[in-house]
Amino acid sequence: MADPKGFMRTPREEWPRRPVAERVQDWDEVYVPGALLPIIRRQADRCMDCGVPFCHEACPLGNLIPEWNDLVSRDDWRAASERLHATNNFPEFTGTLCPAPCEAGCVLAINQPAVTIKNVELSIVDRAWEDGWVRPQPPERLSGRTVAVVGSGPAGLAAAQQLTRAGHTVAVFERDDRIGGLLRYGIPAFKMAKDRLDRRLEQLRAEGTKFRTGTAVGRDIGARELRARYDAVVLATGATRSRELPVPGRELAGIHQAMEYLPSANRVREGDLAVSPLSAAGRHVVIIGGGDTGADCLGTAVREGAASVTQLDIRALPRPERTEAEPWPVYPAVYRLSPAHQEAGELGSAPVSDADARLFAASTVRFEEGADGRVGGVRVADVDAERRPLAGTERALRADLVLLALGFTGPELDDGPVAQLELALDGRDVIARDASFATNVPGVFAAGDAARGQSLIVWAIAEGRAVAAAVDRYLVGTSQLPCPIGPWDRPMRA
């Protein structure tokens, strides 16, 4: 390490956010442009280059974190970029969107604030793009084998890039009109600017990957026909079945899944719509679900000009520090203030909330009808430790737009590849696969949330890289591609 005492001399300093009053007026990324590079070298100095780097274990990609921290500390940015890209196809995606389990596993985090690994990662890749070090890497020769990748989220794109670089002819099939999956239409632009995605897609195109947009496998082309046309098929369709909330009043108009709401807002940013048909402007919004998708809805509703926004989280208010039940190095369920929650808190978007815009330990009892036949309110109750409603705690929240952000249960099962190929499912209703990521249909592989279940973007990219190695081996008998995880690997648990 460049400074053996850096972790003792330098406090943790994160990328500063723009003032709330400024950033809620636009859809740009929430951080101060240009403010990260001046601090990041000192932050990289805080890495102890410890002998047993648990950040490696916490990151499914196996990112070489101490190595590129040291290189940044020594001002060798090009070498740092090479080490970063050696394990991660899309570090700008993880650098903006990943919750950074690597930081929870940082050895320094045993008794101090962790190294700002995520900020260092993003600084490296931004510098690499600015200085022209990120270039297409087309294969030296073609294998003569063809692969269809179904789905263009992070797992599908990672698999496609790896297989293209290995010399196979790869086509990515996407049912939407643009490539990117949830990166395109699920993630708001204030979390990750779409030009970060677009420049990566240009790199993939220059390497030889083909894209087929507006093509739903199962409808526009049969899954069996696709399998017959290509030597191998990778299913990376994601877990797109939204979890439902079967309480009285669910049938009322004005209650929508988060993935009905967020894509419309993103299409306004893409220029497809003048105004979202589900815009929160002037409405009283209740978001049910306390995860990242709920926070995305919150930040979007604030920017659209909602009259009020409240987010319901059935979990108890998290503690500010780890508990003995979640020891280092596992990722702890501590209180975190996302940019969206900071915005809602400062703006007073939800006056009845416990903190920022969230009501913790709150369960939805029923939806109430308003004067116009649409939803007019949400009846909520406090819950006990078993998440059961407590008698006498019910109260009503005004709501004329309700967004369900309760997570996802698995891939779509009807009228698509799962049904048409008669793929086996496991006990969680996701695609079953063997140790080589292969399904019960020869030549068909599954990766990402469609087979793992709802997970983090860093796991999706790791799955894409791993399934690419498996497909490469299936096609040519051997593979030099890295395989960072197996299909049954899971995050560290207490």
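Predicted model: local features only at pLDDT ≥ 70, side-chain atom pairs only at ≥ 80, totals over all residues.
**Notes on the sheet and the salt bridges**

1. Let's start at one end of the sheet: strand 4 (residues 232-235) and strand 15 pair in the parallel sense, with three bridges between them.

2. Five strands make up an open sheet with parallel pairing, and their order is 3-2-1-4-15. Strand 3 (210-212) and strand 15 (444-446) are the edge strands, each pairing on one side only. From one strand to the next, the twist averages 20 degrees.

3. Which strands does helix 10 lie across? The helix lies across strand 1 (146-150), strand 2 (169-173) and strand 3, and it runs at about 165 degrees to strand 2.

4. The side chains of Arg-165 and Glu-207 form one, with 2.8 Å from N to O. This pair links distant parts of the chain: Arg-165 belongs to helix 10 (residues 154-165) and Glu-207 to helix 12 (residues 194-207), 42 residues apart. Is Glu-207 buried or exposed? Glu-207 counts as buried because its relative accessible area is 3%, whereas Arg-165 is partly exposed at 23% relative accessibility.

5. Asp-198 forms a salt bridge with Arg-184, and their closest N and O atoms are 2.7 Å apart. Here too distant parts of the chain are linked, with Asp-198 in helix 12 and Arg-184 in helix 11 (residues 182-185), 14 residues apart. Arg-184 has 4% relative accessibility, so it counts as buried; Asp-198, with a relative accessible area of 32%, is partly exposed.

6. Which residues join Asp-198 and Arg-184 in one network? Through salt bridges that share partners, the network also takes in Asp-177, Arg-178, Arg-267, Glu-270 and Asp-272.

7. Finally, a pair from the start of the numbering. Arg-9 and Asp-3 form a salt bridge in which the closest N and O atoms are 3.1 Å apart. Arg-9 is exposed because its relative accessibility is 56%, and exposed means over 50%. Asp-3 is buried because its relative accessible area of 18% falls under 20%.

8. For the overall tally, the count comes to 40 salt bridges. The pairs discussed above are among them, including Arg-165 with Glu-207 and Asp-198 with Arg-184.

Terms used. Residues numbered from 1 in each chain as written. Heavy atoms only, no water. Salt bridge = Lys/Arg side-chain N within 4 Å of Asp/Glu carboxyl O. Buried < 20%, exposed > 50% of the residue type's maximum accessible area, 1.4 Å probe, protein only. Helix = DSSP H or I, 4+ residues; strand = E, 2+ residues; numbered from the N terminus. Pairing = 2+ DSSP bridges. Axes fitted to C-alpha atoms, helices over the stretch in contact; angles between N-to-C directions. Contact = heavy atoms within 4.5 Å.
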